[in-house]
Amino acid sequence: MANASTDDPTLAPGAPADAQDLATASQWRLMWLSFRKHRLAVFGGVVVLILYFIAAFAEFIAPFDPHKFNSRSVYHPPQMLRFVDVGEDGGWAIRPHVRAMKLVRDPETLAANYEPDPETKIYVRFFGKGDPYELWGLFPMERHLIAPVNAGDRFFLLGADRLGRDVLSRTIAGTRLSMSIGLVGVALSLVIGLILGGVSGYFGGRIDALIQRVIEVMIALPTIPLWMGLSAAMPADWSVVTRYFAITVILSLVGWTELARVVRGRFLSLRTEDFVVAARLDGTSQTRVIFRHIMPSIFSHIITAVSLAIPAMILAETALSFLGLGLLPPAISWGALLFEAQNIRSIVAGPWLFAPGILVLIAVLAFNFLGDGLRDAADPYATVER
Amino acid sequence: MYDQPPALNAPVLEVRNLTIEFPTHGERFRAVDDVSLALRPGETHCVVGESGSGKSVTARAILQIVDKPGEICGGEILFRRRATQAHFPDPIDLLRYRANSGAMRDIRGKDIAMIFQEPMTSLSPVHRIGDQVGEALRLHEGLTRRQARLRSIELLNQVGIRDPDRAVDQFPFEFSGGMRQRAMIAMALSCNPSVLIADEPTTALDVTIQLEILELIKTLQASHRMAVMFITHDMGVVSHIADKITVMRNGRVLETGEASDTLRDPQHPYTQELIQKAQELDRPSDLRLDMRGRRSLGPPIITTRDVGKAFVTSRTFLGQPREVSVALKGASIHLKEGENLGIVGESGSGKTTLARCIQRVYELSSGTVDYVGRDGASVDLAPLSETELRPIWREIRTVFQDPHSSLNPRMTVGEIIAEPLRNDPNGPTGPALRDRVIELLDLVELPATAAARYPHSFSGGQRQRIAIARAIGPNPRVILADEPTSALDVALRTTVLNLLLRLQEQLGLSFIFVSHDIAVIRYFCDRIAVMKDGMIVETGDTETVCASPQHPYTQLLLSAVLRV
């Protein structure tokens, strides 16, 4: 009689290391192996990581203090960063610089215009000293990723806004609030969604029916009037930080329903799965069934749901702030920056004010690519068994 | 050879040296390796093999519907289109056509039709049966809607669907499994194909329905003079309908020949094994008879009285039951110590419900389940709470049908087997637990290294061994086995059954064995209970019942068993 244990090559001692490896691979390793094949998702993941890196070190990466205004550079157009510096005598050297521009007024209309000033070059260098700041509010520092060689000089790689503030620095500073509001908001809605969805799915019956009706009501509420109402209820004298937290709470109050539904659905389908029944018959306690047997199967799906919920949060914050209901100046977020680009005058005078909008686009796309890849990789056992 | 006058028996479709590869992880897996076979009109050619033998892939290659990422790498598929005895055209190589070309689409359905294993998923749930049967007619033969409808009714009548005028306007969900398969066959026949490919068309059906469908295919084949390629893993089916047999394993053809010759005198050792394994079932196991001779059965340990179970299928707004479906209408059985009791019945007969009621996975609607414990005291399981049931669940254990879904894919095999032991307050801990897991793995003939691995790296048979190891862990007295072999290849079934019998001898177990397959029950069980529509219609000694069945339903079940 053929022994079934010998017909599997991976059980034999001389099996290839690769097969042995896959045999003892945990679900996270299998997920990573199948996620890695999804090129677009890996790319999206890298972009997301870069964005969070920028958010974490925003003060250092921004060339200037985002709040510093200057009446001599109102609507200053973007300048290009050049690396090769050609001298008067035709010799060249690698010296990063930008060509300066000067403000000229039209003698008839008195309109301000910027013209290239071929005489002056503003030299910049990496890791130079610039505007002083406190990293994470803790460490006083002066170094910036890019800084002018002469401390007083200013340059505008993405132009300047109506108060002469550097749009690049402001966009980078906005990354922190916009990207973190997504994380914090989703974390909050995850807690609500996990608890309510889990209870709803595991216990079923009347509790389930009740929670489901609540979710349906939440989904049926028109979001923008709800946001407007809640924002209007916020006292105007709240500080930036308080307001920020209030906004995340408002966003996650609406956002938890989707996650609760995902969690409930998984619980419902897993509750009757043979291996869960088997665990019950093994005498496993209810808590252990939930946390040891069901939760690990749900975890990968939750990560996926989260990675798809974050961009929705970012978009919601942008929309809210754009409407002037979310974060207000002096807070800097992408939405608050776009608020500046609302009127015709700004669009005509400084189309570069839309730069934060492009970043919103990049961030949301990157998250969606990442989420797509995670969703495909979320259940590694579906493919391995083929 | 094509210049010769058409022989009466020349093949209408010929597969020559077909090779199909699936690229995986940098290397190429050869699913079909140099396969050749010929289909002749009016002949049923059975392709036999276990899962992964490449039989389905070969069939799909003929229609060029191989699943991605499979690639046809070589060979020819020669097809004589519209061949009759008077007109015998030169063959064309189907592999010259692109998979999505018009010519290939024209051949699919019109000249070569295919029916699949699962009729529910092959029929579109949102279209009426008549529209689906008539679609090919309207597409290929240019019939109008009205003509197609009339022809559909005729076809449904032909495949034995009662009241075809009404059935033509029904949806697939209103059909039973057997009727759906009949509708699929009607669809396949609609354009009078010269070749019919049937990929395990009866595997998902109950045995009595299986027999009807096989008879239907046989009759239609004779009247249409079709060439049928019939893919199956079941030697019983093969011996029932095959004219020619091709045996495949690991993508290669091992043996091909006339059915009568091959079945009587198989040449290849693997074919011999397949036939021997199929014959081994459907008669009492020597191992079991031997064991019973040495040790007689004890007193009853489980006795059920009038166990009933109704499921609530719909509730009112306030949660009051509105509709119930009765799955079990008062079942009374008993199991003696050291005995194997078989519960046999078709899908929907309530056999699994009964097993789950005995273990009290389900709440009973009525009746009692008396369990005599090790101390001799009898306890009724029906009113117990889940906490009170836990010690009893250590003595009555379960082996599930599908070893893929019953093992948590996110736990290692060691953790899975240890789970019932660590939940036992008096169970082993630490190194003792590890030793016990290794001992259990050894009992089910798996190496100790298996403990560190995850279920996904094991085959179906090995997984079922893991599930058995988990079941015997807490030293149980009774094992409820719910179709433990039906997800396994035939060759593995007796192996697993013998393992269970050996464990019975070593550990003094009693079994309640639920199955739809009376042959498996006959091999494994001392006593049999036949179930139909939630009731036990006949019980008795297995051999007595099989030799002289009293109830008409038992007679029907036994007559549907296809013997090799």
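# A guided look at selected residues and helices

A:R39 sits in helix 3 (residues 39-56) of chain A; helices (H or I, at least four residues) and strands (E, at least two) are DSSP runs, numbered from the N terminus. This is a predicted model, in which local features need pLDDT of at least 70 and side-chain atom pairs count only at pLDDT 80 or more, while totals for chains, interfaces and linings use all residues. Residues are numbered from 1 along each chain as its sequence is written, chains are lettered from A and ligands numbered from 1 in the order in which they are written, and side-chain values use heavy atoms, with hydrogens and water left out.

**Chain A: a residue and a helix pair**

- With a relative accessible area of 68%, A:R39 is exposed. Here buried means under 20% relative accessible area, exposed over 50%, and partly exposed in between (1.4 Å probe, protein chains only).
- The C-alpha atoms of A:R39 and A:F369 are 9.4 Å from each other, although 330 residues separate the two along the chain.
- Helix 7 (residues 223-233) and helix 8 (residues 240-271) of chain A pack with axes 10 Å apart, at an angle of about 150 degrees. Axes are lines fitted to C-alpha atoms, for helices over the stretch in contact, and angles run from 0 to 180 degrees between N-to-C directions.
- That angle makes helix 7 of chain A roughly antiparallel to helix 8 of chain A, a label for angles over 145 degrees.
- On the helix 7 side of chain A, A:T223, A:L226, A:W227, A:L230 and A:S231 meet A:I250, A:L251 and A:V254 of helix 8. Contact means heavy atoms within 4.5 Å.

**Helices of chain B with a buried face**

- In helix 12 (residues 286-294) of chain B, the buried residues are B:R288, B:M291 and B:R292. Seen down the axis of helix 12 of chain B, they fall within an arc of 100 degrees, so they line one face of the helix. The arc is that of the directions from the helix axis to the C-beta atoms.
- Turned away from the buried side of helix 12 of chain B is a face with the exposed residues B:D286, B:G293 and B:R294.
- Strand 14 (340-344), helix 18 (490-507) and helix 19 (518-524) of chain B are among the elements covering the buried residues of helix 12 of chain B.
- At the start of helix 12 of chain B, B:S285 brings a side-chain oxygen to within 3.2 Å of the backbone nitrogen of B:L287.
- Helix 14 (residues 386-393) of chain B has B:L389, B:I392 and B:W393 as its buried residues. They cover an arc of only 95 degrees around the axis, which puts them on the same side of helix 14 of chain B.
- The cover over the buried residues of helix 14 of chain B includes helix 9 (274-281) of chain A, along with strand 15, strand 16 (378-380) and strand 17 (396-399) of chain B.

**Buried residues of chain B and their contacts**

- B:Y371 belongs to strand 15 (residues 366-372) of chain B and is buried, at 2% relative accessibility.
- The side chain of B:Y371 makes polar contacts with the side chains of B:E395 (2.5 Å) and B:R477 (3.2 Å). A polar contact is a pair of N or O atoms within 3.5 Å; within protein, one must be able to donate a hydrogen and the other to accept it, and residues adjacent in sequence count only if both atoms are side-chain atoms.
- Along the chain, B:Y371 and B:T303 are 68 residues apart, yet their C-alpha atoms are separated by 6.7 Å.
- B:S515, in strand 19 (residues 510-515) of chain B, is buried too, with a relative accessible area of 2%. Its side chain reaches the backbone nitrogen of B:D517 at 2.9 Å.
- B:R356, in helix 13 (residues 351-358) of chain B, is buried with a relative accessible area of 17%. Not counting residues up to four places away in sequence, B:R356 touches A:D274, B:V361, B:Y362 and B:F400.

**Positive phi in chain B loops**

- B:D163 has a phi near 55 degrees, a positive value in a residue other than glycine. B:D163 lies in the loop between helix 5 (145-158) and helix 6 (164-167) of chain B, and is partly exposed at 43%.
- Phi of B:N475 is also near 55 degrees. B:N475 is in the loop between helix 17 (460-472) and strand 18 (478-482) of chain B, and counts as partly exposed at 44% relative accessibility.

How values were computed:
Parallel < 35°, antiparallel > 145°, perpendicular 65-115°, else oblique.
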